[in-house]
Amino acid sequence: MFYTAYAKTWSPDPAFQAELGRTLGHSLAAQHLVVGLLSLILGWLVDWKGNRVVLRGLCAAMTGVPIAAVLIGGALPSNDTRLLFLPALYGLIGCMPVMSRVMANYILEIAPPERQTLYVGMLGLAPAATLPFPVIVGSAAMGLQTLTDEKSAYEIAFAACGALFFLSVYFSWRISEPRHRM
């Protein structure tokens, strides 16, 4: 929802806002298409290279989402160009459900058989830890608006999120996979 609010800051023009609504509809369709394609392609890649490699790639893609949003909103010259790239941004967001499935498979692979149920259950609770995150990001963006304009506030918040997501890439690079220890 923050990417939509951010995109609305690009122009107050009613024609742009209408076109933004149509583009967001296309963006959601692109997101679902990406989920389906990634499920097929990454399933094959997991069988070939393992869960760890795929998990690393998905973490890196998710790190790029907030940074890509900032680049689309700040570096592209026109609103028409920005609207062309918006479906790609939402497509990247489609990595999240696929990453969740890969993470569950990886946990099943690395967990001792007697602990698999416990670990998968804990993974199921993990999204609860992220529930306050939108409130924190929204509060940060609102607080930053007192110091800067609305567009810059979102850009600063997204850059901070990108830095946090980068930690996931770092940590996923450090984990090992049983099939590679033999």
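Helices here are DSSP runs of H or I with at least four residues, strands are E runs of at least two, and both are numbered from the N terminus. With that in hand, let's walk through the chain. What you have is a predicted model, in which local features need pLDDT of at least 70 and side-chain atom pairs count only at pLDDT 80 or more, while totals for chains, interfaces and linings use all residues. Residues are numbered from 1 along each chain as its sequence is written, and side-chain values use heavy atoms, with hydrogens and water left out.

Start with the overall picture. The protein chain has 9 helices and 0 strands, so to read its elements from the N terminus on is to read α-α-α-α-α-α-α-α-α. Its C-alpha trace spans about 60 × 35 × 25 Å along the principal axes. The accessible surface (Shrake-Rupley method with a 1.4 Å probe; for residues, only the protein chains shown count as cover) comes to about 10,500 Å², and carbon and sulfur atoms hold 71% of that. Of the 182 residues, 35% count as buried; buried means under 20% relative accessible area, exposed over 50%, and partly exposed in between, with a 1.4 Å probe and protein chains only. As for contacts (heavy atoms within 4.5 Å), take those with a separation of 6 or more: 79% of them join residues 24 or more positions apart.

Now to the inside. A nonpolar core is a set of buried Ala, Val, Leu, Ile, Met, Phe, Trp, Tyr and Cys residues joined through side-chain atoms within 4.5 Å. The largest one has 38 residues, and Tyr 3, Leu 58 and Leu 86 have the most contacts inside it. Helices α1, α2 (14-49), α3, α4, α5, α7 and α8 each supply at least two of its residues, with the largest share, 8 residues, coming from α3.

Next, the empty space. Rolling a probe the size of a water molecule over the atoms shows where such space is left. The search uses a 1 Å grid over the protein atoms alone: a cavity is a set of points where a 1.4 Å probe fits but cannot get out, a pocket is an open set with protein on both sides within 12 Å along at least five of seven lines, and lining residues have an atom within 4 Å of a point. Grid points are joined across faces, edges and corners, and a volume is the space filled by probe spheres set on the points.

The largest pocket holds about 1,400 Å³ of space. It is lined by 35 residues, of which Met 62, Met 96, Met 99, Thr 130 and Phe 165 are the closest to its centre. Helices α1 (2-8), α3 (51-75), α4 (79-93), α5 (95-110), α6 (116-129), α7 (132-145) and α8 (150-174) each give at least two residues to this lining. Sorted by class, the lining has 30 nonpolar, 5 polar and no charged residues. In that sorting, Ala, Val, Leu, Ile, Met, Phe, Trp, Tyr, Cys and Pro are nonpolar, Asp, Glu, Lys and Arg are charged, and the others, Gly among them, are polar.

There is also 1 cavity of 30 Å³ or more, and the largest cavity has a volume of about 30 Å³. Its lining is made by Tyr 3, Tyr 6, Trp 10, Ala 69, Ile 72, Leu 86 and Leu 89, with α1, α3 and α4 giving two or more residues each. By class, that lining has 7 nonpolar, no polar and no charged residues.

Gln 31, in helix α2, is buried, with a relative accessible area of 15%, and it touches Tyr 90, Gly 91, Ile 93 and Gly 94. Thr 63, in helix α3, is buried too, at 11%, and is in contact with Gly 162, Phe 165, Phe 166, Ser 168 and Val 169. Thr 4, in helix α1, touches Leu 24 and Tyr 90; Thr 4 and Leu 86 are 82 residues apart in sequence and 9.5 Å apart in space, C-alpha to C-alpha. Ile 156, in helix α8, is partly exposed, with a relative accessible area of 41%, and touches Leu 144 and Thr 148.

How values were computed. Lists of a residue's contacts leave out its neighbours within four places in sequence.
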